[in-house]
Amino acid sequence: MDEFDYWRLADTFSLVDAAALICGIPPSEIRKDELDGQICFYFSPSEKTPQGYKLNNNFYAVLKTLKNAVRTKTLKVSHEAYLFNNLPLPQGPELNLEETLVGLKDLRNWLASRGFKTGFFFPEGETADYLTKEHPKYAPKLAACVRAWQYAIKLPDNGKTPKQNIDKWLREHASEFGMTDPDGRPIESAIEQCSKVANWETKGGAPKTP
């Protein structure tokens with residue numbers, strides 16, 4: 001496994017790490033520097049200039065966009081942090097891009113709303129518009145069925161039936177689709193309904209030996 005595989009364990013990301021992953025850049029290769037009193041982040045460790053590491057235009061664009069989205073409240077963050085030891089700016093304290101954190105779900109929804117539905121944050125491939133909460137006709141159970149099906153069809157033989165794999169995914173993600181009770185437990189009737197729709201192996205029988 002490479003660095004990207006291990007980053008899939010995370011459920012929150014700093015804005016710097018998120019920008020790198022969106023651009024397909026390993027976060028470990030991002031460099032931090034200070035230019036004209038301002039903290040800057042660069043990628044391209046092999047091309048160092050007298051001013052610091054060479055700026056990657058894609059990474060810079062994404063990082064700046066994330067920063068502006070947080071300031072304008074179009075991107076919801078789980079933790080917002082600021083730098084108070086730098087020069088005063090007209091817009092107020094500078095956002096701390098390393099300490100401000102955004103959740104995986106909020107980041108994916110924000111990316112999808114901007115038309116980005118592939119890449120690191122969409123390992124299951126492109127997400128259709130109707131599967132995002134921003135769609136005016138969004139149907140949670142329909143989205144759950146499709147997402148569970150997408151997950152199950154890509155699994156190698158693991159000794160379980162398609163329905164068992166689908167049930168497992170639906171229970172693990174039930175809260176994302178409003179299929180939990182007030183105590184946070186999956187609602188079994190809703191799981192069963194979606195599982196029947198997503199299951200393509202309707203004849204039943206024992207699972208194949210992997």
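Helices here are DSSP runs of H or I with at least four residues, strands are runs of E with at least two, and both are numbered from the N terminus. The model is a predicted one, so local features need pLDDT of at least 70 and side-chain atom pairs count only at pLDDT 80 or more, while totals for chains, interfaces and linings use all residues. Residues are numbered from 1 along each chain as its sequence is written, and side-chain values use heavy atoms, with hydrogens and water left out.

Now for the overall picture. The protein has seven helices and eight strands. Of its 210 residues, 35% count as buried, where buried means under 20% relative accessible area, exposed means over 50%, and partly exposed is in between (1.4 Å probe, protein chains only).

The buried ones are Leu15, Val16, Asp17, Ala18, Ala19, Ala20 and Leu21. A nonpolar core is a set of buried Ala, Val, Leu, Ile, Met, Phe, Trp, Tyr and Cys residues joined through side-chain atoms within 4.5 Å. The largest one holds 27 residues, and Leu15, Phe59, Leu63, Leu66, Leu107 and Phe121 touch the most other members. Two or more residues come from each of α2 (15-22), α3 (57-71) and α4 (104-113), and α2 gives the most, with six residues. Take Leu107: leaving out residues up to four places away in sequence, this leucine touches Ala18, Leu66, Leu75, Val102 and Phe121. There is also a second, separate core of 18 residues, with Ala148, Ile166, Leu170 and Ala174 among them.

Aromatic rings come next. Rings of Phe, Tyr and Trp (its six-membered ring) pair if their centres lie within 6.5 Å; planes under 30 degrees apart count as stacked, over 60 as edge-to-face and the rest as tilted. That rule gives seven aromatic pairs. Trp7 and Phe13 have ring centres 6.2 Å apart and planes at 25 degrees, so this pair is stacked. Phe13 also pairs with Phe121, this time edge-to-face, at 5.1 Å centre to centre and 90 degrees between the planes. That pair links distant parts of the chain, 108 residues apart: Phe13 is in strand β1 (residues 12-14), and Phe121 is in the loop between α4 and α5. Phe13 counts as buried because its relative accessibility is 2%, and Phe121 counts as buried at 3%. Phe4, Trp7, Phe13, Phe120 and Phe121 form one aromatic cluster.

What about residues with more open side? Lys105 is in helix α4 and counts as partly exposed because its relative accessibility is 40%. Apart from neighbours within four places in sequence, Lys105 is in contact with Lys133 and Glu176. The C-alpha atoms of Lys105 and Glu176 are separated by 8.8 Å, although the two residues are 71 apart along the chain. In helix α5 (residues 140-153) lies Ile153, partly exposed with a relative accessible area of 39%.

Notes:
Contact = heavy atoms within 4.5 Å.
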